Amino acid sequence: MKRFIHFFIIMTVWLLLTWSLNWQELLVGVLVALFAELLLGDIFPIEGVRIFHPRRFFWLIVYFWVFLWAMIRSNFDVAYRVLNIYLPINPGIVKVRTKLTSDMGRTFLANSITLTPGTMTVDMIGDHLYIHWINVQSPDIQKDTEIIVRHFERILERIFE
Amino acid sequence: MSETIGYILLTVGIVFDVLGCIGLVRLPDVYNRLQAGTKCVTLGTAAILLSVLFFTGFNAISVKALLCIWFILITSPTAAHAISRAAHRSGIRLWKGSVLDRYAEDREGAEDKP
Amino acid sequence: MNVYIGLLILCIFMCLYRVGRGPTAPDRTVAIDILGTLVVGFCAIWSIITKRDLYMNIAISWSLLNFIGSLALAKYLEGRGFDE
């Protein structure tokens with residue numbers, strides 16, 4: 001079942017890329033998808049399949065809009081800092097804690113943090129994320145966790161846990 | 001109508017690209033440059049690719065543009081993460097005006113133990 | 001359209017300034033990574049002008065190859081093997 005879903009995903013991407021229903025294209029697509037599945041099926045994350053549950057999918061759509069809004073805000077934030085003559089930056093690396101356990105949830109969290117206002121993930125060791133912050137507001141771990149991670153984590157918990 | 005939306009998106013995208021590159025030139029150290037560059041250039045290029053949908057309508061070109069947006073949104077933060085980690089591990093210090101560096105503290109503590 | 005292409009070329013020259021002047025190797029790597037993303041935008045504008053999907057194919061493969069290149073440069077800077 002899991003392998004069939006992988007095959008279906010690869011085939012969909014192939015059809016979108018070629019954008020034709022000629023039988024030669026379809027034949028090559030089936031062969032390539034089977035080959036890729038046999039080679040790489042083991043390292044495909046299991047959580048990738050669980051997203052297709054309707055409730056998780058709904059929260060994924062909600063997450064998309066939250067993420068888009070944060071991303072637009074982050075761009076205006078960076079634009080303000082870059083265009084200001086005095087460069088109002090106050091950078092540093094802070095440490096925050098995450099409650100997520102699944103690999104894919106953590107990947108989404110780290111990538112979202114990188115694309116949101118003034119923060120960028122540098123490394124992850126155990127449960128702790130090290131985040132470069134362009135405008136450090138406090139050196140405290142708990143407070144930074146509240147500010148940076150919490151609003152993403154609430155939604156990501158519902159998608160991946 | 002859809003051409004107007006396309007031109008607006010294209011203008012927004014190019015403006016953010018230019019701002020990201022100004023940040024790349026102006027900001028003081030690797031990590032700050034990476035912040036400005038990654039965020040602004042990623043959203044700018046995504047906006048340019050989205051404007052393809054409004055200029056050409058829904059066909060092979062715009063579907064490929066949407067796939068390309070997806071790839072960029074996944075790969076760009078991951079590359080930024082890898083570069084910043086490599087920079088820190090290869091011994092590049094933060095800018096002298098930086099406030100704190102928990103990562104260096106923790107890594108030096110870990111290296112002293114064994 | 002000419003104005004947009006001119007502004008993108010301006011961006012590319014700013015990146016090239018950082019590639020040339022960058023005091024350390026990670027600075028140059030960052031500039032090369034961003035240069036690749038700008039080329040994707042350039043391909044998109046070119047496909048709007050000519051209305052052919054050839055340029056979008058170039059854009060997709062360029063974005064993926066640029067990602068792999070950045071990862072390889074990062075691993076090289078870190079001074080480790082490529083096995084991890």
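How many residues does helix H5 of chain A have, and how far does the helix reach from its first C-alpha to its last?

Before the answer, a word on what we are looking at. This is a predicted model, in which local features need pLDDT of at least 70 and side-chain atom pairs count only at pLDDT 80 or more, while totals for chains, interfaces and linings use all residues. Residues are numbered from 1 along each chain as its sequence is written, chains are lettered from A and ligands numbered from 1 in the order in which they are written, and side-chain values use heavy atoms, with hydrogens and water left out.

So, to the helix: H5 of chain A, residues 103-114, has 12 residues and spans 17 Å, close to the 16 Å expected at 1.5 Å a residue, where the expected span is 1.5 Å times one less than the number of residues. Helices here (H or I, at least four residues) and strands (E, at least two) are DSSP runs, numbered from the N terminus. Nine of the 12 residues of H5(A) are buried, among them A:Met104, A:Leu109 and A:Ile113; buried means under 20% relative accessible area, exposed over 50%, and partly exposed in between, with a 1.4 Å probe and protein chains only.

Staying with chain A, its average pLDDT, the predictor's confidence in each residue from 0 to 100, is 81, and 95% of the residues score at least 70.

Now to the interior. A nonpolar core is a set of buried Ala, Val, Leu, Ile, Met, Phe, Trp, Tyr and Cys residues joined through side-chain atoms within 4.5 Å. The largest one holds 61 residues, of which B:Leu49, C:Leu38 and C:Ile45 touch the most other members. Elements of chains A, B and C each supply at least two residues of this core, including helix H4 (54-83) of chain A and helix H2 (25-50) of chain C, and H3(B) gives the most, with 12 residues. A second, separate core of 19 residues includes A:Val96, A:Leu129, A:Trp133 and A:Ile159.

Seen as a whole, 42 residues of chain C are in contact with 41 residues of chain B. The buried area, which is the accessible area (1.4 Å probe) that two parts lose on being put together, summed over both, is about 3,700 Å² between these chains, with carbon and sulfur atoms giving 79%. There are two salt bridges between chain C and chain B, a salt bridge being a side-chain nitrogen of Lys or Arg within 4 Å of a carboxyl oxygen of Asp or Glu. B:Lys64 forms one with C:Asp53, the closest N and O atoms being 3.1 Å apart.

Finally, C:Lys51, in the loop between H2 and H3 of chain C, has a phi near 55°, a positive value in a residue other than glycine.

Key
Contact = heavy atoms within 4.5 Å.
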